[in-house]
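Here is a short briefing to read alongside the sequence and the 3D view. Keep both open as you go through the points below.

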Amino acid sequence: EGDLKEYSEVAEALRYRNTVMITHCDVVLALYNGDQSGGTAHAVRSAQAAGKEVINIWPQWIEYRDRK
């Protein structure tokens, strides 16, 4: 039970951090693989809902990663 509570508190803190960043930015630069769940997915959807431009650099990351 203790680990679950700690995980929940960390997840809440990360969501809060994302909200603050999205609120105070004009453009969101994301490394987003398209998964529908998880913190990055939530942040991207929140940014889009807030009318922020979202630039996803996942395709460039894959290209870079695969060159190594």
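Predicted model: local features only at pLDDT ≥ 70, side-chain atom pairs only at ≥ 80, totals over all residues.

Leaving aside its neighbours within four places in sequence, which residues is Asn18 in contact with? The answer is Gly39 and Ala43.

- Asn18 is found in helix H1.
- Asn18 counts as buried because its relative accessibility is 11%, below the 20% cut-off.
- The side chain of Asn18 makes a polar contact, at 2.8 Å, with the side chain of Arg17.

**The largest pocket**
- The largest pocket holds about 220 Å³ of space.
- Its lining comprises 13 residues, and those closest to the pocket centre are Asn18, Met21, Val28, Leu29 and Ala43.
- At least two lining residues come from each of helix H1 (2–23), strand S1 (27–30) and helix H2 (39–49).
- Sorted by class, the lining of the largest pocket has 9 nonpolar, 3 polar and 1 charged residues.

**The second largest pocket**
- About 150 Å³ of space lies in the second largest pocket.
- Asn18 turns up in this lining as well, together with Tyr7, Val10, Ala11, Leu14, Arg15, Arg17, Gly38, Gly39 and His42.
- H1 and H2 are the elements that give two or more residues to the lining of the second largest pocket.
- H1 provides the largest share of that lining, with 7 residues.
- By class, the lining of the second largest pocket has 4 nonpolar, 4 polar and 2 charged residues.

**The nonpolar core**
- The largest nonpolar core has 5 residues in all: Ile22, Cys25, Val28, Ala43 and Ala47.
- Val28 and Ala43 belong to this core, and both are also among the residues closest to the centre of the largest pocket.
- As a general point, nonpolar side chains tend to be buried together in soluble globular proteins.

**Leu14, a lining residue of the second largest pocket**
- Leu14 lies in helix H1 and is one of the residues that line the second largest pocket.
- With a relative accessible area of 39%, Leu14 is partly exposed, because that value falls between the 20% and 50% cut-offs.
- Leu14 and Ile62 are 48 residues apart in sequence, and their C-alpha atoms are 25 Å apart in space.

Technical notes:
Residues numbered from 1 in each chain as written. Heavy atoms only, no water. 1 Å grid on protein atoms, 1.4 Å probe; cavity = no way out; pocket = protein on both sides within 12 Å on 5 of 7 lines; lining within 4 Å. Points joined across faces, edges and corners; volume = space filled by probe spheres on them. Helix = DSSP H or I, 4+ residues; strand = E, 2+ residues; numbered from the N terminus. Nonpolar A, V, L, I, M, F, W, Y, C, P; charged D, E, K, R; others polar. Core = buried A, V, L, I, M, F, W, Y, C linked by side-chain atoms within 4.5 Å. Buried < 20%, exposed > 50% of the residue type's maximum accessible area, 1.4 Å probe, protein only. Polar contact = N/O pair within 3.5 Å; in protein donor to acceptor, adjacent residues only side chain to side chain. Contact = heavy atoms within 4.5 Å.
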